[in-house]
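Visitor: I have a model open and would like to go through it piece by piece. Can you walk me through it?

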Amino acid sequence: MRRLQIHKPSCLHFHPHGHKLPCLDCNPQGFIRMVHHLIERCIVFRMGRDECMRTLAKHANISPVVTFTVWDELLKENKVFFEAYSRHRMLPSNVLNRHPQETSNGRTWRR
C-alpha cells in the first residue's frame, strides 16, 4: 500500500500580492541577493541609505534592519565607491546634467 506524501512548499513563499519572493528564513542567500539588487536600484535613483530603507520598507515590505545590514556590508566591501557616491549625491543636478565639454562658467572649450 502506497502512502501519500505531502510536499512542503518550496522556499519561495506566495505573498498576498501573488509574487514569489525569497524568504529570509527559508532562503537567506536568495533574500539577501534580492535586497542587494533592490539597493542597487535605489542607488541608480540617487537615494541615500535612509531613503532606501524607507522605500524598501514601503514598497517591498523589507525590514529597515535588513536593508541597513545589507547596505552596511556593501559599504564595507565597496568603500571607495560609496565615498564617491556620497560626494556625487551632494552635487546639484544641474552640474550632473551639464554637457561634458561645458565649463563651470557656461563656456565651451575646444580641443
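Visitor: Which residues do the ring pairs link into a cluster?

Guide: In this predicted model, ring pairs join Trp71, Phe81, Phe82 and Tyr85 into a cluster. Rings of Phe, Tyr and Trp (its six-membered ring) pair if their centres lie within 6.5 Å; planes under 30 degrees apart count as stacked, over 60 as edge-to-face and the rest as tilted.

Visitor: How many aromatic pairs does a search of the whole structure find?

Guide: The search finds 4 aromatic pairs. One of them is edge-to-face, because the rings of phenylalanine 81 and phenylalanine 82 have centres 5.2 Å apart and planes at 85°.

Visitor: Phenylalanine 82, buried or exposed?

Guide: Phenylalanine 82 is buried, at 5% relative accessibility. Phenylalanine 81 is partly exposed, at 43% relative accessible area. Buried means under 20% relative accessible area, exposed over 50%, and partly exposed in between (1.4 Å probe, protein chains only).

Visitor: And why is the pair of phenylalanine 81 and tyrosine 85 stacked?

Guide: Their ring centres are 5.9 Å apart and their planes are at 10°, so the pair of phenylalanine 81 and tyrosine 85 counts as stacked. Both residues sit in helix H4 (residues 79-90), 4 residues apart, about one turn of the helix. An α-helix has 3.6 residues a turn, so residues three or four places apart point the same way. Tyrosine 85 has a relative accessible area of 7% and is buried.

Visitor: Before I go on, what are the ground rules for numbering and confidence?

Guide: Residues are numbered from 1 along each chain as its sequence is written, and side-chain values use heavy atoms, with hydrogens and water left out. As the model is predicted, local features need pLDDT of at least 70 and side-chain atom pairs count only at pLDDT 80 or more, while totals for chains, interfaces and linings use all residues.

Visitor: Fine. What order do the elements run in?

Guide: From the N terminus the order is β-β-α-α-α-α-α, with 5 helices and 2 strands in the chain. Helices (H or I, at least four residues) and strands (E, at least two) are DSSP runs, numbered from the N terminus.

Visitor: Now the core. Which members of the largest nonpolar core touch the most other members?

Guide: Val35, Ile39 and Ile62 do, out of 16 residues. A nonpolar core is a set of buried Ala, Val, Leu, Ile, Met, Phe, Trp, Tyr and Cys residues joined through side-chain atoms within 4.5 Å. Helices H1 (28-44), H2 (49-59), H3 (64-77) and H4 each give two or more residues to this core. H1 gives the most, with 6 residues.

Visitor: What does threonine 67 touch?

Guide: Leaving out residues up to four places away in sequence, threonine 67 touches Val35, Ile39, Cys52, Met53, Leu56 and Ile62. Contact means heavy atoms within 4.5 Å. Threonine 67 lies in helix H3 and is buried at 0% relative accessibility.

Visitor: Which residues of H2 are buried?

Guide: Cys52, Met53 and Leu56 are the buried residues of H2. Seen down the axis of H2, they fall within an arc of 100° (taken from the directions from the helix axis to the C-beta atoms), so they line one face of the helix. They pack against H1 and H3.

Visitor: And which exposed residues are on the face turned away?

Guide: Arg54, Lys58 and His59 are the exposed residues there. Just after H2, asparagine 61 has a positive phi of about 55°.
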